[in-house]
Amino acid sequence: MTAPPTTGRTEPGLAEILGPHLHQVLGACRRHAGRTTRVEVCSGGNVSHVYRVHGERDNVIIKVRGPRFARIPRITTDPALIMVEYRALAIHHGLLPDLFPKVLAVLPDAHAMVMTDVFPDGRTWREHLDQRAATTEECTRLGTALTRIHHATAGLPPLRDGDGDDLFRAEHAYGYCLRAYGHHALDEACRRLDDLPGRQLILGDTCPKNLSLHAGHTAFVDLDNVHTGAPLFDLGYLFAHLVLHHITRPTLLPPLATAFLAAYTLPGHARPWRDDDLLATVVAGVMLYRLEVRTVPYPATAPPATADQLRRSLRHLLDAGPFTVPDLLDVATGQVTA
């Protein structure tokens, strides 16, 4: 998370978002960061309002959930769901404190959390990828970290009460993403994901804007999509973004993909990724979601003509039937076109 570039769009200030709870929340920040010297809006999240508070001793992050998505105001939500994310953060930081921020204070009446700032350089991995390619070291580190997360959270109970996890998966992870394109192959992929053994807590939104990889440190943020599902969904979701951010660097993509996938081991069983048509279909669906579906915005990673060609090729893959990860990489690197 970092301060966004000037775009002419006015982001609401902390006082406007918190109203009468402002002094209570800033007081919680002061206990950890010292006297506040500056507050800046952070970019990246679509659901909650996020701010970085600079203090005399340290920086902290404030996350506030309102009645509507922060950057998609036409979508309404329940501000009390901030407590679900708080539980997710408490679980994940407790298990893997080196990979997740720590909640320093939770303020239910304000629908707000104060957290440690896990972006030492103030920039997301997405912002770095907009300026340079990933490295094989970063990809290996990501695959290893995702393996650690999935092994650590295997066997934990659902995060949401009753059937809330199942509903969240169907409506958010599948509805906004894989099913948004309306292709029968992606509907079938959702069914196959649900039939996989070993359903467990997964992150649900493993994309570069929710990652820090600065100076050898790895951190994941934005855990409001944590739910019970298939670990392969997290793997495919992150891999899809890795591909999208390198379609204009085609010679670099194969070694990066190999480093990432080789470093990841599904908990409990192995799936050879080169022959895994389900992983390939999930990746294609997530890529189409970012390229074509406009419900959830994601800034472009390639010029319009390149993105249009990739969309056509992905549709052709889905129409033609089962395909593998190497087939998908051939399309993404321009070796095969529609």
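Biologist: Which residues does Arg160 touch, not counting residues up to four places away in sequence?

Modeller: In this predicted model, Arg160 lies in the loop between helix 5 (136–153) and helix 6 (164–177). Leaving aside residues up to four places away in sequence, its contacts are Val84, Asp165, Phe168, Asp224, Val226 and His227.

Biologist: Is Arg160 buried or exposed?

Modeller: The relative accessible area of Arg160 is 13%. Buried means under 20%, so Arg160 is buried.

Biologist: What is the make-up by class of the contact of helix 8 with helix 10?

Modeller: From helix 8, the residues that meet helix 10 include Leu232, Phe239 and Val243. Among their counterparts in helix 10 are Leu278, Val286 and Arg290. By class, the contact has 15 nonpolar, 2 polar and 1 charged residues.

Biologist: Over which residues does pLDDT stay under 50?

Modeller: The protein chain averages a pLDDT of 91, and 94% of the residues score at least 70. Where pLDDT is low, the predicted coordinates should not be read in detail. The stretch with pLDDT under 50, for which the model has 23 contacts beyond four places in sequence, is residues 1–9.

Key:
Residues are numbered from 1 along each chain as its sequence is written. This is a predicted model: local features need pLDDT of at least 70, side-chain atom pairs count only at pLDDT 80 or more; totals for chains, interfaces and linings use all residues. Side-chain values use heavy atoms; hydrogens and water are left out. Contact means heavy atoms within 4.5 Å. Helices (H or I, at least four residues) and strands (E, at least two) are DSSP runs, numbered from the N terminus. Ala, Val, Leu, Ile, Met, Phe, Trp, Tyr, Cys and Pro count as nonpolar, Asp, Glu, Lys and Arg as charged, and the others, Gly among them, as polar. pLDDT is the predictor's confidence in each residue, from 0 to 100. Buried means under 20% relative accessible area, exposed over 50%, partly exposed in between (1.4 Å probe, protein chains only).
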